[in-house]
2 protein chains.
Amino acid sequence: MSKRVLIIGGVAGGASVAARVRRLDEQAEVTMFERGPYVSFSNCALPFFLSRMVPQSDDLVLMCPEQFAKQYNINAKVHSEVIDVKPNEHKVVVKNVLTGETYEEEYDKLFFSPGANPIMPKSIKGIDSKHVFPVRNVPDIVKIDNYIHDNKVTDVAVVGGGFIGIEVMENLTHAGIKVSLIEAADQIMTPYDKDMAQILHKEIIDNNVDLIVSDALAEIKEDCVITANGKKVKAQLVIVAIGVVPEVSLAKKIGIELGQTGGIKVDHNFRTNIKDIYAVGDAIEYYCSLTRRPSRLTLAGPAQRQARSAADNMYGRTIQNKGGIGSSCVKIFELNAANTGLNEKQCLAAGIKYDYVYLIPGDSVGIIPSSNPLHVKLVFEVPTGKILGCQAIGKGNADKRADVIAAMITMGGTLDDLKELELCYSPIFSTAKDPLNHAALVALNVMNGEFKQVKVSEVRDIYENGGYIIDVREPNEYAQGHIKNAVNIPMSQFRQRLDEIPKDKAVYVHCRSAQRSYNVARALGQLGFDNIYNISGSYMGICYNQYFEDVTLKRTKIVTEYNFK
Amino acid sequence: MSKRVLIIGGVAGGASVAARVRRLDEQAEVTMFERGPYVSFSNCALPFFLSRMVPQSDDLVLMCPEQFAKQYNINAKVHSEVIDVKPNEHKVVVKNVLTGETYEEEYDKLFFSPGANPIMPKSIKGIDSKHVFPVRNVPDIVKIDNYIHDNKVTDVAVVGGGFIGIEVMENLTHAGIKVSLIEAADQIMTPYDKDMAQILHKEIIDNNVDLIVSDALAEIKEDCVITANGKKVKAQLVIVAIGVVPEVSLAKKIGIELGQTGGIKVDHNFRTNIKDIYAVGDAIEYYCSLTRRPSRLTLAGPAQRQARSAADNMYGRTIQNKGGIGSSCVKIFELNAANTGLNEKQCLAAGIKYDYVYLIPGDSVGIIPSSNPLHVKLVFEVPTGKILGCQAIGKGNADKRADVIAAMITMGGTLDDLKELELCYSPIFSTAKDPLNHAALVALNVMNGEFKQVKVSEVRDIYENGGYIIDVREPNEYAQGHIKNAVNIPMSQFRQRLDEIPKDKAVYVHCRSAQRSYNVARALGQLGFDNIYNISGSYMGICYNQYFEDVTLKRTKIVTEYNFK
């Protein structure tokens, strides 16, 4: 007898389960229930409709129910909400949300892939207004787009600096809208540490977005929003993208166990505590293989892989469950940002002993016109040297670097492995010593104590406390902008000017990208200077950090000029 | 007492040794001898001067002797050829090539990094003419450029379809020159298998280069060259880039042992058989960790890593020597091509049992305007499923995919590891199931016998032998071009048209990119059809293969129309 497989949810996880079951079993009866009007749409591409990079909202729908039926013999039912499950009878109760009609269907196996819901805090006054929208599905994005055009909206407040908020911000900006981006934390994009997020902050500010951090949305009015700090921000439309919570209402109702993070608890085969019920995607709690703790991850790639694994398990196949490490990327105006694994904040929270390097090599050979600086932050475990995470930001292929590191992390790679890694090189694509080889080498030197470093974020305090800072760039570079009071001893002169360098106190060395200062720091270390610190990220990193402090938080400038664009 | 380190050769390997020694030992006396006029120039960027992508020839020189002296306290001597070594006395004999003067210098450690020489076969009549050039260094490229401008050259023959030949071809084309590219083998770019090279052939032909393969250069005349097959090719200038041989004349002279490949034999610490003499770079024989055989590799990245390792060994540091896998990339007009590890030809030559998959997924989500097909060929070991190599070609980020595979190969990754790999995803950068995840899944299905495949290169024979070919694309796609006599049974109809599919003979299924045909092949397998073959690479792959056959070799067309641009 053919197997009856029912699936709750028809997007990344659900559609993947359906297609995989079909490939494994041509005879299975597969039905997918989606309460919205579309199955298999590209959530991730929703914001790109606002700028018409994706020209039609229909383009966002990858497969219609007719295609599922014809090509895969899968029954995709839209406007169909599963409102109850009777596990003992192996039945679901389905409601047609258009007609209100309900009916029951039997299953042999049931898959939960209901996704997650946008958080819309009732505590915010005005959150229920008609000009306030989440971004969850095709109807949402169409409603936003229509509202903008029907009401000639000129100013939008986007609340939340995560992936959705950022992409909506950029696409609205491209559509000619003045956007304010409001983020309650002191930085956007939590996968990045603050020093890296500062680079993103600058890019956003440079593109005429009104960026507000460390301030929450407090009230929504008809033509403006008010922040917790009392700032009034003009906005005829508000998009709330402050996060999502797993959609677990039905799961809870029928006794499916939840995990400590609030997601559906699954075993290593993606089975829930109820027999014959599986769960995958944004609604579940997943295992982070790096922190060795349960976590949540709302990404399409893992949802698809979980779906495939769950389907495989249903057919008795052995599956791998490696947990997850979390890899993602985002374009923010001219910058590409990508990350994988753990950042500093996550290491600290998980109590993992780590260190890191931050360097800014060229993403390709400097004489090639398309070459650009690439900010690379590599986080590694101490004392093993195992690679834990990477954050890469630049105009070039940051995603390539995060993907390579994702592979290295997954395979248990160390800094020694990374320094030897043979990556593709031609002057257009990279440098002979790839930025990642370079990062590993510097990291090994840090771990081996061959030089000491301080963070860019510490430089202001060092300056304010009268720290002795040496700028080893050439005089013409120094003249174009430098840290106030920094002593200019160019790399080409330092061996002749050793007597100017104090031995009785800490000396902080920097150049443009920390490469020359690293060489100087190592030489000084061998020349009897024991208290030399290389400034990680160097002048470029410092500028990015201070820029934001200065421009947005109105703190005192310590750089005399910004010439890092 | 400070250590005296002498280095023969001042480019990738030599300059890296020098810089590394300085970091390890501020007191060392380091001298680098280069017989040419420049140290530390970018070999790899030489061709880009011809199109002025690199505007000035001076830009190709990364560091001048003065900078080495000032910044690193390194003595870089140009026009200085080491003509002899006296190992027992720890001395080298140096000749100033401008004055003819010779002198001796003592060393504690000596590094050979002499590089490789272009092959200029004396057997070719006219090879010594003044309008025939190799491309090895800055003076070469300047001479070529001057000759072109002084003589108003309009037609150039580039001989050799390797990296240098290809890059010279492209840059000359951009400079408005009509280029003929002559390659003796039946394909250009040996790191690629022929099915993948066909894609590159098409790109070259489409860019108005006269591509001649399977035909060698026989004679060079004043205004043309003559091939072995008697073809006359207009050319007022000839560039010979048919390969390089390790520069081992000095090494041989002083009794340094060579390996079976003709390169200098080194131990795992890059030491030669003579005490205190190291060798690195293009001149040495390296160990291929995949074939477990000695090999040669003329790439800048490995040269730099070897240099660092050799310097480290000299200072008593433990070094890793993982051998090499060979990763490289090249831009050919609008295409990016990247490869790592072994291709089919190399597996066959080494007697390694392998299989492969060739698929053409989108490099990013199809609805994003920048999305393009990415040709991915993944080679894996049978029966272990260990990943052996990858070739990726497309307008998008092929290099990213090769780099990720390089990491997986290096870490001993299998198809199971690759299918689970969490790579960065946003619609602009990739697909939720990355092309590499996808390749691993298909490869596992091949290895597990869940479907059978034939190569695109076999399709002509299948066609000519009257094989039964089913095209499962939709009728509108079929109408735009298809294999003659292929039966159109769209994926949306095949379940209703099973009686049209023969059970008594082999059936070959394809669609556009092999994704739909893969699903159909699996379903048919479950529906009692035991002799179904998916055509690897599918219609796009077939077109690329046949295109070249048709256009260049003038064989009968079997596709009615080309619509794959």
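Predicted model: local features only at pLDDT ≥ 70, side-chain atom pairs only at ≥ 80, totals over all residues.
## Ground rules

Residues are numbered from 1 along each chain as its sequence is written, and chains are lettered from A in the order in which they are written. Local features need pLDDT of at least 70 and side-chain atom pairs count only at pLDDT 80 or more, while totals for chains, interfaces and linings use all residues; side-chain values use heavy atoms, with hydrogens and water left out.

## Two copies, one turn

Turn chain A by 180 degrees, with a shift of 0.0 Å along the axis, and it lands on chain B with an RMSD of 0.0 Å (least squares on the C-alpha atoms of residues with pLDDT of at least 70 in both). That is how a two-fold axis relates its copies. Both copies use the same surface, as 100% of chain A's contact residues recur in chain B.

## Where they touch

On each side, 89 residues are in contact with the other chain (heavy atoms within 4.5 Å). About 7,800 Å² is buried between chain A and chain B, 56% of it on carbon and sulfur atoms; this is accessible area (1.4 Å probe) lost on putting the two together, summed over both. A:R23, A:R305 and A:E422 supply 10% of the area chain A buries here, more than any other three residues.

## Charged links

There are 10 salt bridges between the chains (a Lys or Arg side-chain nitrogen within 4 Å of an Asp or Glu carboxyl oxygen). One pairs A:K400 with B:D403 at 3.6 Å, N to O.
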